[in-house]
Amino acid sequence: MPRIAYVFPGQGSQEPGMGAPWAHTPSWGLVERASRVSGRDVAGLLLRADADTLRRTDNAQLATFVLACVAHGEVRDALPGTAPVAVAGHSLGEYTALVASGALAYDDGVRLVATRGEAMRGATELTPGTMGVVLGLDVRAVQRIADGLRRDGARVWVANLNSPRQSVLSGAPEGVALCAEAALAEGAARVVDIPVGGAFHSPLMEPARARLRAALARAELRTADVPVVANVDARPHTRPDLWPGLMLDQLTRPVRWLDGVRTLTGELGADLLVEIGPGRVLTGFTRRISPRTDRLSVSAPDHVPALAAAVGAAREDGAPVPAAHGAA
């Protein structure tokens, strides 16, 4: 039987019409429930919103979170009696992971994600920033370059450590531009601008903390049924008292996805990582971080029976999980 870990995508995986394939699944009721809880037209975001509407931070976060919860509901129902050894989520996806682990009720998750998205959008309006993906350079080299530039007064930080040779810069536009230039000079293959107006996972998100802290005070966090590997320290956690601090710190500190996947596949022994929700970005990261780990993505309803069949076959004969829909 494979030791499964579930991982959930963050903002940036959204696309217009992404909810349409899921609209007739039993778990689609979570969409209407999210609309009632948040006071937002979540179905409209998932079915009718255009790319510009979905690019807005508060819309992207709420839509991606809800759809990932819908997909997880279908996976859970298709695999009765099969619990993951751990879960994790990339940035926003950490909230989906907390719901999937039982640490956070779905309604509280909707409220927190809605508040987080609005607070982060507000922070971008106070202090505009930008982000850029550095490809083909060791993440430690990128970290060293950014640290050096900050000592000279530049406002630039490494926001995401995604895989051994992919990281994300965040900060003031001029700081990110300087760091991108230095990274290219040290051998980066390229730097790709991310079309956002904010410097996520950097100290420029500090203004968002107050609103999220107030929302966390109204939410109930419980002992998780399975460990959740946190972004900020790449460690597995089940204790509810730790999560408010971790969730607040996540706003301004880097997402240590590279280390988190190593925790899942090393210390926690996961040999199959299943990405649940829109897109296949995390599946690609897994291939680069832990190439011997089996990986599947569930980004469409027809991937669910394929996953169930693969897990069932492995359960019967003890063989590795065969590649299924969405494998990368």
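Reply: In this predicted model, local features need pLDDT of at least 70 and side-chain atom pairs count only at pLDDT 80 or more, while totals for chains, interfaces and linings use all residues. Residues are numbered from 1 along each chain as its sequence is written, and side-chain values use heavy atoms, with hydrogens and water left out.

Me: Which residues point each way from β5, and are they buried or exposed?
Reply: Strands are DSSP runs of E with at least two residues, numbered from the N terminus, and buried means under 20% relative accessible area with a 1.4 Å probe on protein chains only, against over 50% for exposed and in between for partly exposed. Q166, V168 and S170 point one way from β5, whereas S167, L169 and G171 point the other way, and all are buried.

Me: Why is strand β5 described as largely enclosed by the rest of the structure?
Reply: The strand spans residues 166–171. It is largely enclosed because, of its six residues, the number that are buried is six.

Me: Through how many residues does a hairpin join β4 to β5?
Reply: Strand β4 (residues 156–163) runs antiparallel to β5, with six bridges joining them, and V156 stands opposite G171. The hairpin joins β4 to β5 through two residues.

Definitions and conventions
Helices (H or I, at least four residues) and strands (E, at least two) are DSSP runs, numbered from the N terminus. Two strands pair if DSSP finds at least two bridges between them.
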